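Visitor: I'm new to this one, could you walk me through it?
Guide: Gladly, here it is.
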Amino acid sequence: MNIAANSLEHHWMPFTANRAFKSDPRLVVKSEGVHLWDHRGGQLIDGSSGLFCVAAGHGRSEIADAVHAQLQTNDYMSPFASGTPGSFELARKLAAILPEGIDHVFFVNSGSEAVDTALKVAMAYNRARGEGQRIRFVSRERAYHGVNIGGVSLSGMVKNRETFPVVMPNVVLMRHTWSPNERFVRGQPEGGAELADDLQRMIDAYGASTIGACIVEPIAGSTGILVPPKGYLERLREICDKYGILLIFDEVICGFGRTGKAFASQSFGVTPDIMTMAKALTNGAQPMGAVAVSDKVYDTIVDAAPDNAIEFFHGYTYSGHPAACAAGIATLDIYENEKLFERAAELSDYFLDKMFELQDIDLITGIRGYGLLAGIDLAPGAAPGLRGSEVQTRLFWNGLHVKFTGDCGIIAPPLVAERSHVDEICSIIRKTLEETGH
Ligand code: PLP
């Protein structure tokens, strides 16, 4: 496919260096299984499942057929005070794989909306139990929780908030769990659980009665795969329980088998009060997110309202869109029928072995990994992020799509990947970094 330079001008691309990209465009025109094809006809491996969405592999006809059939039968209906069967069915199926006691699901259209919705759920819950003064939220340095005003406020990545100074003022940040002394860490770090005591410090500084919720990603994804130290999430849970603070896990990246179980909270054995999810919920085929809450949170909000009153003043025109629900149901069926979460658990050791074999490469300064998720740090170039974007482009033309966050490449192949795909990913990374030099 020929692309005229001026034909790209009008699309303002998200999270993209528009000028650089448009001078050397990399368009994907076809996808199937773990593979992509670019506009020049080259074939690539999808090393990041698109953007951590396509867990069941690309081109799943079961999902496309379900969406098509749904749109032909009932394309849309208001989700407010009316309903379509798919949203109830998808919520029921999700409740079956969620941690025990997390049984109620609110649908949204993205991870960012899920995060903002989770904050509103926390506020509504605290108000319903007579603790409406708990308006403070605790997040972490280096955190990424999407791009809406709530998520940007919780963000600890400076690039995500320095341009947008008018954010919620009631957010305080704990330290993150990255340690400069431990560059190559496979699985959960042994040390660092004490960093969870930062939550206690926030309580000592601001008073528990002002804090509504603490939000973390079980594995921090967009900051470069920071796996929680052993005991860290448990300690957060303990402190939250002691002081009546809600614990929110943002599972937008690590949900749906990425860690070898349906959700990372199950892999780490810690159950939050509220969970956010998106991406692999529909295998990326339809935009959708969700917030799942515990019975305690749901019952408290719902029971506080008078009979026949709306209990939670929140919702989107496209909450539980029929096409997205159809995609979600078909996706969960694939995960179950093909046992993809178990498959991810089985492939994980091989995947991590291969990832950590790359550590002899000069340009690589750190590797972290868990499940089918790995972050590979590169020595920075002239400015932070330049090396990452140079290597990302080179990888693409060498046949591998990898999502970069600054100078860290994040490898997260579809859960249907074979060992041979993992080998191929590694050999393209090695070849590309050898070509790149210092
Ligand atoms: N939360 C986390 C942990 C994420 O990684 C992301 C996106 O990558 C989001 C929220 C935002 O999701 P979305 O881009 O669908 O709005």
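Guide: We can go through the domains and then a sheet.
Guide: This is a predicted model, where local features need pLDDT of at least 70, side-chain atom pairs count only at pLDDT 80 or more, and totals for chains, interfaces and linings use all residues. Residues are numbered from 1 along each chain as its sequence is written.

Visitor: What domains does the chain have?
Guide: The assignment gives domain 1 (5–56 + 339–436) and domain 2 (63–337), with bounds that come from an automatic or database domain assignment.

Visitor: How many residues are in contact between them?
Guide: 32 residues of domain 1 are in contact with 29 residues of domain 2, contact meaning that C-beta atoms, placed from the backbone, lie within 7 Å.

Visitor: And which element gives the largest share on the domain 1 side?
Guide: That is α13, with seven residues; helices (H or I, at least four residues) and strands (E, at least two) are DSSP runs, numbered from the N terminus.

Visitor: Switching topic, what order do the strands of the open sheet take?
Guide: The five strands run β7-β12-β13-β16-β15 with mixed pairing, where two strands pair if DSSP finds at least two bridges between them. The edge strands, β7 (184–186) and β15 (403–405), each pair on one side only.

Visitor: In what sense do β13 and β16 pair?
Guide: They pair in the antiparallel sense, over four bridges, and I376 stands opposite G409 in β16.

Conventions. Contact = placed C-beta atoms within 7 Å.
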